Amino acid sequence: MSIDDDVVLLERVTTLRLLGAEALRVLAIGAEQQQFASGSILFRAGDEADGGYVVQDGSFRIHVPDGRDREVIVERGTLIGELALIVPISRQATAIAREYSMVIRISRTLFLRVLDSYPAAARRLRDELANRTRQTTSDILIASAKLSS
């Protein structure tokens, strides 16, 4: 795929779209593409996370080992590991390729460098994350109130 194709794909990701086309171009140039055969592991629960992945082709099964056997299927245009783009964390799930698949790997170092270089993009991302946090807090308070009634 070309850089322009990668930028178009990155623009499909809601969080990344906030950065703008110029910043996405820098991400696309600096990111690396990785290929995975069917059954290959992208990462395991407990692994240190140093960036995120955008599914370029194929799909992955995300398994959360929390005793409830929750699984999610992610396909083209999905960002896996959004929080790992910003802060050091451990992976909470295991991701396994369901078929031959490709991802665009965006390292935290690259992502933070782009945010430093594009302060307006960083502000848009900060505002979006703050809005999500407020919404999640509101949802928790509403659910808590309903459970207390």
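Mentor: Two strands count as paired if DSSP finds at least two bridges between them. The strands themselves are DSSP runs of E with at least two residues, and helices are runs of H or I with at least four, both numbered from the N terminus. Here strand β5 (residues 59-64) and strand β6 (residues 70-75) pair in the antiparallel sense over 6 bridges.

Trainee: Before we go on, what kind of model is this?

Mentor: This is a predicted model, in which local features need pLDDT of at least 70 and side-chain atom pairs count only at pLDDT 80 or more, while totals for chains, interfaces and linings use all residues. Residues are numbered from 1 along each chain as its sequence is written, and side-chain values use heavy atoms, with hydrogens and water left out.

Trainee: How many helices and strands does the protein have?

Mentor: There are 5 helices and 10 strands. The C-alpha trace spans about 55 × 40 × 25 Å along its principal axes. Of the 149 residues, 36% count as buried (under 20% relative accessible area with a 1.4 Å probe and protein chains only; exposed is over 50%, partly exposed in between).

Trainee: Back to β5 and β6: how many residues lie between them in the hairpin?

Mentor: The hairpin has 5 residues between its strands, and Gly67 in the turn has a positive phi of about 90 degrees. β5 and β9 are antiparallel over 4 bridges.

Trainee: In what order do the strands of that sheet run?

Mentor: Strands of a sheet pair through backbone hydrogen bonds, either parallel or antiparallel. In this open sheet of 4 strands the order is β2-β9-β5-β6, with antiparallel pairing. β2 (41-43) and β6 each have a single partner strand, so one side of each has no neighbour in the sheet. From one strand to the next, the twist averages 25 degrees (axes are lines fitted to C-alpha atoms, for helices over the stretch in contact, and angles run from 0 to 180 degrees between N-to-C directions).

Trainee: How much space lies in the largest pocket?

Mentor: A pocket is an open set of points on a 1 Å grid over the protein atoms alone where a 1.4 Å probe fits, with protein on both sides within 12 Å along at least five of seven lines; lining residues have an atom within 4 Å of a point. Volume is the space filled by probe spheres set on the points, which are joined across faces, edges and corners. The largest pocket holds about 180 Å³. It is lined by 15 residues, and Phe43, Ile80, Gly81, Glu82 and Arg91 are the closest to its centre. β7 (79-80) and β8 (89-90) each supply at least two lining residues.
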